[in-house]
Amino acid sequence: MKRNSLRSRVTTFYLGMLAIALVVFSAAVYVGAKTFLTRSLEQKLRNNAHAIISDYLVPLEHKGEPWLVEEMTESYPPGYSDPFVRVSLGTRILYQSGDMHDPFVSMSKVPLPSNQRWFNAFHRETAASGQRIVLYTVPFHGTNGSVIFVETGASVEPIRRVLRSLLLIMLLATPIILVVAAVGGYLLMSQPLKPVVVLTERAERVGRKELGERLPVIPSGDELERLSLALNRMIERLEQALAHNHRFSADASHELRTPLTIIRGELESLIQVPSLPNSVMECIGSALEESTRMAKIVHSLMTISRLDCGEEKIEHAPVNLVDVVNVTLDHMGLLAEEKHISLRFYPGSATFVMGDAMRLKQIVVNLVDNAIKYTQDGGEVSVVVTTEGEKAILRVTDTGIGIPAGALPLVFDRFYRADQARSRESGGTGLGLSIVKAICTVHGGAVFAESVEGKGATFWIELPLLRLDTRVETNVDPMLETARRPVPGR
Ligand code: ADP
């Protein structure tokens, strides 16, 4: 049972309520049973005492004591003790039924009535054997002025026994009821919560790649139907806002390209003018540099936006990643050599994916370019192409400056740069990884990163493997077998 699931919370709540209800109910039953049994016993003692008075004491003066003893012996024989009866005159006992037997109570040790407060009332005694008994005493005033006491009594042990059994049943039954209710309730809750589980699973999928999916609407007419409808409307609004955003970025970058080209053209012709003073030449040179940089940003932004809104034309043909990496690294070798970085490639067997060779090449360029950019002179950059299950994997690892843990989840965001100055100095725009992510997404894949600051970084992409009639082997560089936690491109 998950501690924080709605199902377990509802079950816990209802179990708590059931437990309280059971305790209150049990207490009520216990008190009710105790009151009922005690009242019944007292009623019986009272009736017996008054019956003795009316049947035997009222006619006593005419009939005499032997008659009383004879009659009472018949009605309440000495072996009879339910109830116990005693008729006494002062300290003289006229008649007394026998000791109680179940449980045994020796009644001869029970004191004669002496306390006025006991008259016409119930009082309790503890017998010599430790048994609790209840006695009812009624004084009978004869016409000759004598006072005869009639006592009826009984042990309270049978009532206690019944109450003890009742308590035991309650103590045993309560946890059993609670366990059965918990299991039953938990299982029953799964049915009404099924739509919530379906909604959650579908909601998890919405937005992974794009917002195209909608949540299922269960026509139950209840809150869940209204919730799924409201969420679908929200997704639609988000989709529109996002599409608008992508379109705006694509249009804006497209519109900026022409004026930028014109500015650069003008600056390039201006810089040819021979008579310009040096300071002006420097300004024009710097403006040219910045406009080139700006053109690069605009171009990258347009690529990302068009990829995001599906406007960029993408080839769909089998591409061998090993070939793509081989060709790309041939071109980038010089860049690594300049920094005395050893650039190594560990190719596996031919690894095919379905996609656009030029775009995939762009991924390799961006990742390797970053690896070289952010690795100190004399460092090492390695590229591996491998497979895992149904995935083709391209991994670029470097021994460079690495990325701080806090920055790692942000590196795929547009314009994010962990170190602004270093990135700008090395011609970075903060868009390289965003392009990688956008290309991976249109190829049905994803990009991930892991790093230990100061020790290097690993970026890898996972694409759906295209199984041709090629035997695919894995070739894993031991250098990459680290236990660092990967951060996927969001
Ligand atoms: P940039 O053009 O600034 O390199 P990217 O989108 O390619 O932009 O990368 C974003 C940020 O991620 C970089 O500014 C850098 O801080 C970090 N980064 C990318 N690759 C690496 C790497 N191999 N080693 C260290 N940091 C990296």
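Glu65 is partly exposed, with 33% relative accessible area (buried means under 20%, exposed over 50% and partly exposed in between, using a 1.4 Å probe and protein chains only). Welcome to a short tour of the side-chain contacts around this and other residues. This is a predicted model, in which local features need pLDDT of at least 70 and side-chain atom pairs count only at pLDDT 80 or more, while totals for chains, interfaces and linings use all residues. Residues are numbered from 1 along each chain as its sequence is written, and side-chain values use heavy atoms, leaving out hydrogens and water.

**Salt bridges**

- The structure holds 14 salt bridges (a side-chain nitrogen of Lys or Arg within 4 Å of a carboxyl oxygen of Asp or Glu).
- Glu65 pairs with Arg92 in one of them, with the closest N and O atoms 2.9 Å apart.
- This pair links distant parts of the chain, 27 residues apart: Glu65 is in helix H3 (residues 65-75) and Arg92 in strand S2 (residues 92-96) (helices, H or I of at least four residues, and strands, E of at least two, are DSSP runs numbered from the N terminus).
- Arg92 is partly exposed at 41% relative accessibility.
- Glu151 bridges to Arg86, again with closest N and O atoms 2.9 Å apart; Glu151 lies in strand S7 (residues 147-155) and Arg86 in strand S1 (residues 84-89), 65 residues apart.
- Both Glu151 and Arg86 are buried.
- Glu388 and Arg395 form a salt bridge at 3.8 Å between the closest N and O atoms; Glu388 is partly exposed at 43%, whereas Arg395 is buried at 14%.

**Aromatic pairs**

- A search of the whole structure finds 5 aromatic pairs (ring centres of Phe, Tyr or Trp, the latter by its six-membered ring, within 6.5 Å; planes under 30 degrees apart are stacked, over 60 edge-to-face, the rest tilted).
- Phe122 and Tyr136 have ring centres 4.6 Å apart and planes at 35°, so this pair is tilted.
- Phe122 sits in strand S5 (residues 121-126) and Tyr136 in strand S6 (residues 132-141); Phe122 is partly exposed at 24%, while Tyr136 is buried at 4%.
- Phe412 and Phe459 form an edge-to-face pair, 6.1 Å centre to centre with 70° between the planes, and both are buried.

**Charges over rings**

- The charged end of Arg7 sits over the ring of Tyr186, 3.9 Å from its centre (NZ of Lys or CZ of Arg within 6 Å of the ring centre and within 35 degrees of the ring normal).
- Arg46 lies over the face of Tyr136, 5.9 Å from the ring centre.
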